[in-house]
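Welcome to a short tour of a protein model. Please have a look at the sequence and the structure below, and then read on.

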Amino acid sequence: MLPTIHIGPFVLPTAALVYLIGAWLALWAVDRGARRAGLNPDSVYALAITGLLAGVVGARLTFVLLHWSAFQENLLGIIWPLNTGYSAPGGLLIGATAAFFYGRARRLELWPTLDALAPGLLVALMAVSLADFLSGAGYGEVTRLPWGVSQYGVRRHPVQLYELLVGAAALVVWCWASAPDRRGFPGRPFLLATAVYGAGRLFVDAYRGNAWLVGGGLHGVQLVALGVTLLSLVLLARRSLRAEPIS
Amino acid sequence: MQRERLEWVALILLTALVGGGWIYLSRDAEAARQPVTLEEAPYVGHTAPDFTLTTLQGETIALADLRGRPVVLNFWATWCPPCRIEMPYFQRAGEKYADRVAILGVNQAETADIVADFAYKNNLTYPLLLDEDLTVNHRYAVLNLPTTIFIDAEGVVREVIVGTINQGVLEDRIEKLLDS
């Protein structure tokens, strides 16, 4: 774990640094993805920026609304401090909604745009996993396996690094599927990468030590991942069966 | 086309079956949700190291005596600007969750006079513990200020937050401790 970095008198949180660098790399990946998909990179880049900013602001506002009783007597707390206090589900929902409506306003086609966004989304997810590893969030179960890492005084599965590998695998699949001679129908690279990522997260979350549990002790993330994987496969099937070969 | 359709259906059903089976196999049994070790250590999942410190009023507080209700330990100092930002939030939380949660401020290496003057000027009435020789700060491996440690009613560390904590996060974490 490396939750902070000391540079002279300054103490910098590593997770925040990773998020910043990850956002920059993700936007670069979106630009590359747009060019590979044959789209206008400026439009897709602007859509990604819109989604990112809306997501961050939305995550903060959602958290504030959910805990309004704590903020109503000190409204300054809404904008400071910024190191904690975000709702990931709220941010994802608001960010995705903003990006969707921006795309509609700019008349961007859905499936080619998703193909272009896929590498950026995967890079962002990998950055979150790396930030979690450095900060100690989302730690794994205790293990004696030789690749276990020391976190919180015991050797644990490096679940965050497993997630990183899953993201990398999905990125490789996207690169393979988006090659000009293998692209197939619009949306195929995005759906293949999503299915691989979902299946990977379904597998590795079993080793999380502080998993979000739902009824019966089931891992909530695994249920979501299975749903995403199955939905991706269903959409792949439908689009594959209806697709005309691209000349 | 029909063959391809059947292949897709088989793949989807197989994924659902294998995925569902894996989810069931990897579910957390109740016993497995207990901390793996009860060794004292200032780390998540471990028993919080015991200590005994004195408040400004001369009252002795031992962590072990607080077993049975959640405890929030906030390590701070008067010279730490981020600490000063968040201390009113702990004051408010101490009033809101009185008797249900123990909110304790553990000072880092300052004298009673300095701490008392700061508490008076900032209307802080929740217990501020003096740790002039840094025994408890070292025991909890506090490297940066502020550091806030959330301990459940069974004395197990549930979360450590380094850096300023806003009032929403503080109350969110306290509510989680009360729910667990």
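Which residue forms a salt bridge with Lys121(B)? The partner is Asp117(B), and the closest N and O atoms of the pair are 3.1 Å apart. Keep in mind as you explore that this is a predicted model.

## Salt bridges

Let us stay with that pair for a moment. Both Lys121(B) and Asp117(B) belong to helix H3 of chain B, which covers residues 112–121. They are four residues apart there, about one turn of the helix. In general, side chains of opposite charge can pair when their charged atoms come close.

How many salt bridges does a search of the whole structure find? Over all chains, the search gives 12. Across the interface of chain A and chain B, however, the rule finds zero salt bridges.

## Where the two chains meet

Now to the interface itself. On one side there are 44 residues of chain A, and these are in contact with 38 residues of chain B. The size of an interface is often given as the accessible area lost when the parts come together. Between chain A and chain B, the buried area is about 3,300 Å². Carbon and sulfur atoms give 65% of that area.

## Helix H5 of chain A and its two partners

Next, find helix H5 of chain A, residues 110–135. One partner is helix H1 of chain A, residues 14–36: the two axes come within 7 Å and cross at roughly 165 degrees. H1(A) is therefore roughly antiparallel to H5(A). Their crossing is right-handed. The residues in the contact of H1(A) with H5(A) comprise 18 nonpolar, five polar and one charged.

Another partner is helix H6 of chain A, residues 159–177, whose axis comes within 8 Å of that of H5(A), again with a crossing of roughly 165 degrees. This angle makes H5(A) roughly antiparallel to H6(A). Here the crossing is left-handed. From H5(A), the contact residues include Leu122(A), Val123(A), Met126(A) and Phe133(A), while those from H6(A) include Leu161(A), Leu164(A), Leu171(A) and Trp174(A). By class, the contact of H5(A) with H6(A) has 13 nonpolar, three polar and three charged residues.

## Helices H2 and H4 of chain A

A further pair in chain A is helix H2, residues 41–66, and helix H4, residues 88–105. Their axes are 7 Å apart and the packing angle is about 145 degrees. H2(A) and H4(A) make a right-handed crossing.

Which residues meet here? Among them are Gly51(A), Gly55(A) and Gly58(A) in H2(A), and Gly90(A), Gly91(A), Gly95(A) and Gly103(A) in H4(A). The contact of H2(A) with H4(A) divides into eight nonpolar, 10 polar and no charged residues.

Most residues other than glycine have a negative phi, and most peptide bonds are trans.

The peptide bond from Leu145(B) to Pro146(B) is cis, with omega near -10 degrees. You will find Pro146(B) in the loop between helix H4 (135–139) and strand E6 (147–151) of chain B.

Asp99(B) has a positive phi, near 75 degrees, and is a residue other than glycine. Look for Asp99(B) in the loop that lies between helix H2 (81–96) and strand E4 (102–107) of chain B.

Technical notes. Residues numbered from 1 in each chain as written. Chains lettered and ligands numbered in written order. Predicted model: local features only at pLDDT ≥ 70, side-chain atom pairs only at ≥ 80, totals over all residues. Heavy atoms only, no water. Axes fitted to C-alpha atoms, helices over the stretch in contact; angles between N-to-C directions. Helix = DSSP H or I, 4+ residues; strand = E, 2+ residues; numbered from the N terminus. Parallel < 35°, antiparallel > 145°, perpendicular 65-115°, else oblique. Left-handed = near helix turned anticlockwise from the far one by under 90°. Nonpolar A, V, L, I, M, F, W, Y, C, P; charged D, E, K, R; others polar. Contact = heavy atoms within 4.5 Å. Buried area = accessible area lost by both parts, 1.4 Å probe. Salt bridge = Lys/Arg side-chain N within 4 Å of Asp/Glu carboxyl O.
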